[in-house]
Amino acid sequence: MNTAAAGGAGVARTAVNHCPYCGEDQLRPSDAEYPGAWYCRSCLRLFSVTHHGVRRSDPTRTPQEPR
Ligand SMILES: [Zn+2]
């Protein structure tokens with residue numbers, strides 16, 4: 001696993017393998033209009049993948065949650 005290419009400020013993006021909307025792999029970088037965005041040739045969507053940081057705790061679990 002290449003964690004150095006996983007993201008972060010100023011890090012070159014890693015290729016996205018599948019469209020998050022339709023699941024197809026017909027993706028192209030869209031640098032001209034939207035830098036860093038991807039264009040899906042299957043569903044015609046433009047989208048970006050954003051890295052928000054690293055978190056070791058599970059943000060979906062609340063301490064007050066009854067069991
Ligand atoms: Zn798509």
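I began with R28 and found that this residue stands opposite Y39 in β2. Strands here are DSSP runs of E with at least two residues, helices are runs of H or I with at least four residues, and both are numbered from the N terminus.

I noted that the model is predicted, that local features need pLDDT of at least 70, that side-chain atom pairs count only at pLDDT 80 or more, and that totals for chains, interfaces and linings use all residues. I number residues from 1 along each chain as its sequence is written.

I looked up the elements next. The protein holds zero helices and three strands, running β-β-β from the N terminus on.

I then examined the pairing, for which DSSP must find at least two bridges between two strands. β1 pairs with β2 (residues 38-40) in the antiparallel sense over three bridges. The three strands make an open, antiparallel sheet in the order β1-β2-β3. Because β1 (27-29) and β3 (46-47) each have a single partner strand, they stand at the edges, and one side of each lacks a neighbour in the sheet.

I turned to A15, which lies in the segment before β1. A15 counts as exposed because it has 8 C-beta neighbours inside 10 Å; the limits within 10 Å are 12 or fewer other C-beta atoms for exposed and 20 or more for buried, with partly exposed in between, and C-beta atoms are placed from the backbone. A15 is 13 residues from R28 in sequence, and their C-alpha atoms are 9.2 Å apart.

Finally, I recorded that 1% of the 67 residues of the protein count as buried.
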